[in-house]
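Me: Hi! Could you walk me through this one in plain words?

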Amino acid sequence: MITVELEHFSLDKICDSGQCFRMKKLGDGHFSMVAGDQYLEMHQKNGIVDFYCSQEEFICYWVRYFDLDTDYEVYMNAANPRDKYLNAAIEAGDGIRILRQDLWEMIVTFLISQQNNIKRIRKCIETICRMYGERKFSTEGVEYYTFPAVEALSQVTEADLRACGLGYRAKYIAVTARTIASGEISLERIYDMSYHRAKKELLKLCGVGEKVAECICLFALHHMDAFPVDTHIRQVMDVHYKRGFPNRRYKGMRGIMQQYIFYYDLYS
DNA sequence: TCCCAGGATTCAT
DNA sequence: ATGAATCATGGG
């Protein structure tokens with residue numbers, strides 16, 4: 001186990017921020033999370049966070065994953081002091097981080113997210129992991145399932161995916177998995193692309209539109225200018241940013257501002 | 001029973 | 001280039 005003191009880091013808010021659906025609250029400040037083929041448990045009380053893993057795993061994997069090298073105070077202080085709404089959102093969302101999650105996992109996750117609610121998104125993802133992921137055990141003996149690989153989902157029929165409760169999104173996932181498995185679109189190349197090129201490439205995938213592409217760019221590729229506009233953000237824009245969100249001012253940090261606003265709108 | 005949920009696609013004008 | 005209908009499913 002490794003213990004660190006972190007500022008502007010909240011497992012609770014990260015869990016509720018609607019970007020990672022494989023993080024669970026175990027109660028009493030304890031959390032679990034599955035990322036890649038890794039399983040991790042954590043505990044947080046105020047600023048003190050325990051990561052139940054080796055120091056090497058922490059340094060080599062989780063620091064980058066949770067974006068721990070970034071000073072989020074810079075983002076928080078960048079808000080226009082006259083923008084009362086944004087400052088309130090930032091205060092409420094203090095502790096949210098933009099994670100660096102797996103690209104394939106984010107593609108599938110946000111295909112599922114469309115016209116869906118967060119509780120059910122979680123359930124759908126849990127189901128496909130249980131059905132088509134790899135069953136593993138942590139060093140402590142906790143059973144968990146990895147996110148199903150491209151090859152695994154590319155061989156599943158649309159009907160079988162439908163049986164997971166995915167609804168009409170089953171087709172999107174089946175087609176997209178085949179598109180990527182065939183090599184028609186390369187995830188490795190997307191990792192190396194600029195924000196705009198990556199987004200353009202992602203838009204070629206079946207079922208990926210403007211909003212989903214932005215989510216993938218932000219939560220997997222860490223393009224901090226990505227700004228997903230969903231029903232919540234749209235509504236906030238109509239009320240508080242009738243002249244549009246000040247994109248120029250928040251260049252390089254639009255994504256985190258979006259997350260603060262999304263979280264604030266969702267839980268206030 | 002109706003309405004909605006982190007939308008995208010298809011088809012109509 | 002815009003606008004409406006359609007798409008599954010579960011929960012309120």
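**Helix packing and DNA contacts**

Reply: The buried residues of α12 pack against α5, α11 (195-202) and α14. Buried means under 20% relative accessible area, exposed over 50%, and partly exposed in between, with a 1.4 Å probe and protein chains only. Contact means heavy atoms within 4.5 Å. Helices (H or I, at least four residues) and strands (E, at least two) are DSSP runs, numbered from the N terminus.

Me: Before we go on, what should I know about the model and the numbering?

Reply: This is a predicted model, where local features need pLDDT of at least 70 and side-chain atom pairs count only at pLDDT 80 or more, while totals for chains, interfaces and linings use all residues. Residues are numbered from 1 along each chain as its sequence is written, chains are lettered from A and ligands numbered from 1 in the order in which they are written, and side-chain values use heavy atoms, with hydrogens and water left out.

Me: Thanks! How many residues of α12 are buried?

Reply: In α12, 8 of its 10 residues are buried, so the helix is mostly covered. They are Val212, Ala213, Glu214, Cys215, Ile216, Cys217, Leu218 and Phe219.

Me: And which helix gives the largest share of the surface near DNA strand B?

Reply: That is α12 again, with 4 residues. A residue is near a strand if one of its heavy atoms lies within 4 Å of it. At least two residues each come from α12 (210-219), α13 (231-240) and α14 (254-266).

Me: Which residues come nearest to DNA strand B?

Reply: Out of 26 around DNA strand B, the nearest are Gly18, Tyr168, Asp230, His232 and Gln258. By class, this surface has 9 nonpolar, 14 polar and 3 charged residues. Here Ala, Val, Leu, Ile, Met, Phe, Trp, Tyr, Cys and Pro count as nonpolar, Asp, Glu, Lys and Arg as charged, and the others, Gly among them, as polar.

Me: What touches the phosphates of DNA strand B?

Reply: An N or O atom in the side chain of histidine 232 is 2.8 Å from a phosphate oxygen of DNA strand B.

Me: Now DNA strand C. Which residues are around it?

Reply: Gln115, Arg120, Lys123, Arg162, Gly167, Tyr168 and Arg169. By class, they make 1 nonpolar, 2 polar and 4 charged residues. Of the atoms of DNA strand C within 4 Å of the protein, 71% belong to sugar or phosphate; for DNA strand B the share is 59%.

Me: What do the arginines do there?

Reply: The side chain of arginine 162 has an N or O atom 2.6 Å from a phosphate oxygen of DNA strand C. In arginine 120, a side-chain N or O atom is 3.2 Å from a base oxygen of DNA strand C.

Me: Switching topic: how many aromatic pairs are there?

Reply: The count is 19 aromatic pairs. Rings of Phe, Tyr and Trp (its six-membered ring) pair if their centres lie within 6.5 Å; planes under 30 degrees apart count as stacked, over 60 as edge-to-face and the rest as tilted. Phenylalanine 110 and phenylalanine 219 are stacked, 5.4 Å centre to centre with 25° between the planes. That pair links distant parts of the chain, helix α5 (residues 103-113) and helix α12, with the two residues 109 apart.

Me: Is phenylalanine 110 buried or exposed?

Reply: Buried, with a relative accessible area of 3%. Phenylalanine 219 is buried too, at 2%.

Key:
Polar contact = N/O pair within 3.5 Å; in protein donor to acceptor, adjacent residues only side chain to side chain.
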